[in-house]
Amino acid sequence: MPERGFNVGDRILSKSTDTHSDWCSAFAQVGDYCFVGASAIGRLHLHKAISRDDAFAARSSGAWLAVAVSDGMGSRPRSRYGASYAVEALCGFLLHEVLSQEQCRENIESVSSSESVKQDTPNPEQKTPKKSDTENLDKEISGEDKAAIKSISTAQVSLPNINTVPHILSDCAYGTISWSRSFNQPLTENEQGAIVANSEDKVDIDYEAIMRKAFENVHSGLFNYAQSQECDLKELHCTLIGFLFNTNTGEAVIGHIGDGLTLALQPEAGSQILIDPLIPEEIGATYVITQKDWKNYLTIRKVLSKYNVYYLMTDGVSDDFVYGPPEILNQWAKDIYREVCKSPSLPEASQSLLKYLANSEIKGNFDDRTLALIFLRSMGNQDDKCNT
Amino acid sequence: MAEANKEWTNIAKSIDERRLPIYLLLDTSGSMSGAPIQAVQHGVEQFKKEVEKDTFAKETVYVGVITFGGENADFLTKGLVSIVDFQPPSLNATGSTPLGAAFKLLSQSLDKDIKENVKGGAKGDWKPLIFILTDGAPTDDWQSPREEIIKRSKKKALNIITVGCGPHINEEQLKAISTGKAFKMDDTEKASFVAFFEWVSQSVMTVSKECAQPGGEDKPIEMPKPPDVIQYIP
């Protein structure tokens with residue numbers, strides 16, 4: 001059975017319909033970590049009545065979380081197609097690669113283990129149902145299920161209360177809000193034993209190679225996607241930041257091409273820029289994953305420490321503070337974390353984040369704004385400090 | 001704009017802004033006295049009113065006003081002032097036409113007041129727009145200080161647009177002073193100055209909107225076509 005997981009944020013656009021929304025927010029929980037992301041159309045695009053060009057996505061499988069943000073180049077009318085493809089595809093490729101590597105590791109360890117492989121044998125107590133029994137199984141409901149059905153039909157489904165809808169959204173044409181119950185089940189004894197055994201006899205996974213391969217797959221995918229869209233690859237020009245994180249062990253790796261910023265925060269120690277992407281000399285220019293020699297400008301870095309908060313953002317957000325004094329950057333990171341933690345629920349945190357991005361009037365900044373946070377927290381904490 | 005998010009107002013941000021500097025170099029020589037200088041005064045007031053109404057321009061436009069008349073030039077705004085805070089100065093016309101002195105003040109301001117781009121770092125101010133309005137020929141050495149400004153190889157390139165008004169202008173000089181196009185108005189009537197400042201306002205708003213786009217400042221920006229009363233000098 002595949003692991004449970006989620007897939008939130010912007011989605012790949014189809015050829016027939018441009019479904020890229022002007023505002024998007026998303027939230028999720030993986031183990032002890034929460035994800036909150038939002039992307040808001042910039043004032044320039046609103047004024048010109050054209051689409052948002054930023055995109056973000058997050059996807060999980062088991063303890064693994066993949067997050068990506070992308071900024072489509074404003075000069076390319078279809079760059080949002082590139083950005084939305086890039087984020088969803090990168091998240092998918094990252095999880096596929098890391099899970100494949102983990103499976104290989106487990107296979108290697110199980111082959112090298114001294115225990116013999118037990119074959120599954122049928123439980124002699126288990127009867128093969130007769131044909132007549134099989135027909136009856138569809139019609140017969142157990143007493144346990146009957147009780148469950150009764151309790152479901154009388155129970156109220158409690159949904160998070162979302163009041164903080166931005167003023168702009170009251171005139172929206174469409175939107176989707178979806179939730180899922182937590183599926184983080186406690187580990188069984190066998191699973192706990194397996195993890196302990198794996199950590200003692202570890203085969204190292206090359207996370208940087210995983211990130212590199214995922215970016216390669218995204219670039220190839222974008223090429224094929226452009227063909228399916230009957231356009232040139234350069235019409236999909238976009239930056240891309242990818243983050244792969246294990247919420248159990250804290251292992252993380254970042255890949256980055258173009259502008260934007262990846263930041264981490266340890267509330268007591270302060271914030272740290274996690275990666276320094278390559279920037280062209282020409283002011284206002286950026287590298288993109290869709291350019292021919294993109295590999296020369298991809299920066300990958302394994303994150304060596306475990307942090308309480310990680311931030312991925314496009315330059316529409318980072319330009320607010322990144323070139324000011326370092327204390328501004330530190331304070332910004334703490335302020336955002338504080339405000340997110342104050343929200344009583346994750347849906348409300350994501351809405352508040354979207355509201356901040358949509359309504360924040362920074363002089364001279366008219367760009368789309370996208371910000372994703374991955375953080376340790378306890379919800380509803382009204383204190384300035386978030387608990388870990 | 002939508003109401004502010006009351007929950008998240010205390011988020012730190014850098015105070016650095018990216019500005020579009022606009023310089024108005026205005027001839028206040030004796031020949032402009034009377035109705036012409038009053039029309040220019042009125043035009044500057046209209047310029048402020050129009051530009052500060054524009055969503056993009058009001059956040060990015062900073063104005064510097066330098067007059068040249070009498071024996072010297074005067075930097076009335078003492079530097080660049082945001083269009084919102086800009087108070088149109090009172091203009092008086094007298095004496096000669098010391099454009100060279102105005103260029104020296106402009107050069108000092110370009111060195112002191114304009115924020116340069118930092119490679120891999122903060123984006124500086126956008127390329128300044130400089131409008132020069134004059135009704136006659138300069139009476140001092142303007143070539144040397146102009147050369148100083150043009151030779152700013154490490155600094156931003158500039159847009160110097162000259163507009164001559166009235167019968168005493170020297171068209172060849174106007175073209176030599178500008179870095180791009182030069183224009184003329186046949187008279188110094190109020191309507192001509194009104195048209196001039198309306199065109200300056202439209203040009204500033206167009207440029208500020210183009211600059212607001214990512215990468216916008218590096219593309220050639222098409223200024224709005226001037227009204228018929230303002231003619232291009234070929």
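Reader: Which residues of helix 8 of chain A are buried?
Author: This is a predicted model. Helix 8 of chain A has 17 residues. Its buried residues are Ile328(A), Leu329(A), Trp332(A), Ala333(A), Asp335(A), Ile336(A), Tyr337(A), Arg338(A), Glu339(A), Val340(A) and Cys341(A).

Reader: What covers the buried residues of helix 8 of chain A?
Author: The cover includes strands and helices of chain A. Among the strands are strand 8 (261-266), strand 9 (270-273), strand 11 (309-313) and strand 12. The helices named are helix 7 and helix 9 (346-359).

Reader: How far does helix 8 of chain A reach from its first C-alpha to its last?
Author: At 1.5 Å a residue, 24 Å is expected for this helix of 17 residues. The model comes close to that. The reach is 25 Å.

Reader: Which residue forms an aromatic pair with Tyr337(A)?
Author: Tyr337(A) lies in helix 8 (residues 326-342) of chain A, and its partner lies in strand 12 (residues 369-376), so the pair ties together parts that are 38 residues apart in sequence. The pair is edge-to-face, with 6.3 Å centre to centre and 70° between the planes.

Reader: Which element of chain A supplies the largest share of the largest nonpolar core?
Author: This core has 41 residues. Phe215(A), Leu240(A), Leu244(A), Ile257(A) and Ile289(A) touch the most other members. Elements that each supply at least two residues include strand 4 (54-61), strand 5 (64-71) and helix 6 (207-228) of chain A. The largest share, eleven residues, comes from helix 2.

Reader: Which residues does Ile289(A) touch, not counting residues up to four places away in sequence?
Author: Ile289(A) belongs to the largest nonpolar core. Among the residues it touches are Phe215(A), Leu240(A) and Ile257(A).

Reader: Is Glu97(A) buried or exposed?
Author: Glu97(A) lies in helix 2 of chain A. Not counting residues up to four places away in sequence, Glu97(A) touches Ile210(A), Lys213(A) and Asn217(A). Its relative accessible area is 8%, and the cut-off is under 20%, so Glu97(A) is buried.

Reader: How many aromatic pairs does a search of the whole structure find?
Author: One of them joins Tyr85(A) and Tyr225(A), stacked at 4.8 Å centre to centre with 25° between the planes. Tyr85(A) lies in helix 2 and Tyr225(A) in helix 6 of chain A, so this pair ties together parts 140 residues apart in sequence. Ring pairs also link Tyr33(A), Phe243(A), Phe245(A), Tyr307(A) and Tyr310(A) into a cluster. Over all chains, the search finds 18.

Reader: Which ring does the charged end of Arg19(B) sit over?
Author: In chain A, Arg369(A) lies over the face of Tyr356(A), at 5.7 Å from the ring centre. In chain B, the charged end of Arg19(B) sits 5.0 Å from a ring centre. That ring belongs to Tyr62(B).

Reader: What pattern does chain B follow along the sequence?
Author: Chain B has six helices and eight strands. Of its 234 residues, 53% count as buried. Read along the sequence, the pattern is β-α-α-β-β-β-α-β-α-β-α-β-α-β.

How values were computed: Residues are numbered from 1 along each chain as its sequence is written. Chains are lettered from A and ligands numbered from 1 in the order in which they are written. This is a predicted model: local features need pLDDT of at least 70, side-chain atom pairs count only at pLDDT 80 or more; totals for chains, interfaces and linings use all residues. Side-chain values use heavy atoms; hydrogens and water are left out. A nonpolar core is a set of buried Ala, Val, Leu, Ile, Met, Phe, Trp, Tyr and Cys residues joined through side-chain atoms within 4.5 Å. Buried means under 20% relative accessible area, exposed over 50%, partly exposed in between (1.4 Å probe, protein chains only). Helices (H or I, at least four residues) and strands (E, at least two) are DSSP runs, numbered from the N terminus. Contact means heavy atoms within 4.5 Å. Rings of Phe, Tyr and Trp (its six-membered ring) pair if their centres lie within 6.5 Å; planes under 30 degrees apart count as stacked, over 60 as edge-to-face and the rest as tilted. A charge sits over a ring if NZ of Lys or CZ of Arg is within 6 Å of the ring centre and within 35 degrees of the ring normal. The expected span of a helix is 1.5 Å times one less than its number of residues.
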